[in-house]
Amino acid sequence: MNKQVSLVALGLAVSSVLGACAMPTELSSTAPEAAPVSTASAINVVDIVAVERDPSAAEPVEDMDNFGAIGQPPLYSSEQGAYQGRPLTKHIGDYVKNMTQDLVANLEYVNVKTPVAVTNFALLDSDLQETNLLGQQMAESFIHELHKFRIPVLDHKATDYIRITGQGDFLLSRDYLELDASLPIEYVLTGTMAKHQGGVLVNARILGLQSRAVVASAQMLVPFYVVDALIPSDGNHRGGMRDGVKLSQG
């Protein structure tokens with residue numbers, strides 16, 4: 001009799017435990033369904049281990065241009081016109097800074113008592129009497145970088161007076177008749193530029209004005225997207241483009 005009672009009690013205990021375990025399932029079945037999570041606000045997490053196991057599981061990569069920019073480049077607009085290109089993290093001054101470090105690393109004879117002048121960089125495939133906005137801006141950037149190294153720099157385009165006009169007040173000039181021809185220049189930083197696949201190959205050197213000896217040299221490839229970020233003040237782009245129309249002489 002006692003065995004029967006204990007078996008009945010054990011059966012009731014087991015059934016009560018199973019019923020208690022089934023209650024959350026029943027309650028969850030009657031509870032209202034949760035609102036679906038918006039995929040737009042979800043964080044896109046990539047499982048690196050899963051991708052390594054199955055490379056085909058990775059999301060397809062968007063089209064890239066020759067410089068690694070994904071998708072179509074944005075369009076920037078200004079008073080001078082529109083510029084289309086990838087967002088830049090560096091400008092031409094960063095490349096000039098690296099070239100200046102190379103120049104100073106192999107520099108000879110130039111010291112704090114030997115003034116240096118900086119000229120525009122010439123196009124290599126011309127008669128060396130032509131330049132462009134890149135060559136002009138590189139000369140301006142080199143003046144800044146040389147001064148940071150405490151190398152004395154003379155600006156030969158500076159006049160001895162300030163010209164006040166309706167367009168502004170100016171000290172610099174490109175008219176050689178207005179410039180001083182007796183500056184104590186001993187060395188000149190100059191160079192050439194050549195179009196190269198993917199960019200412009202720049203050759204810089206410091207020469208002795210009297211001896212013509214090369215006392216420092218540097219070379220660097222400036223990517224096209226950095227060069228094209230320079231916009232002429234008249235809005236004209238390289239390649240004969242103006243307002244989206246290719247211009248040509250006929």
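I looked for aromatic pairs and the count came to one, taking rings of Phe, Tyr and Trp (its six-membered ring) as paired if their centres lie within 6.5 Å. The pair is F121 with F142: ring centres are 5.5 Å apart and planes at 5°, so I noted it as stacked (planes under 30 degrees apart; over 60 is edge-to-face and the rest tilted). F121 sits in the loop between β3 (116–118) and β4 (122–123) and F142 in helix α4 (residues 133–148), so the pair ties together parts 21 residues apart in sequence. Helices (H or I, at least four residues) and strands (E, at least two) are DSSP runs, numbered from the N terminus. I found both F121 and F142 buried, meaning under 20% relative accessible area with a 1.4 Å probe, protein chains only.

The model is predicted, and I used local features only at pLDDT of at least 70 and side-chain atom pairs only at 80 or more, while totals for chains, interfaces and linings use all residues. Residues are numbered from 1 along each chain as its sequence is written, and side-chain values use heavy atoms, without hydrogens and water.

I then checked pLDDT, the predictor's confidence in each residue from 0 to 100. The protein chain has a mean of 76, with 59% of its residues at 70 or more. Where pLDDT is low, the predicted coordinates should not be read in detail.

Methods. Buried means under 20% relative accessible area, exposed over 50%, partly exposed in between (1.4 Å probe, protein chains only).
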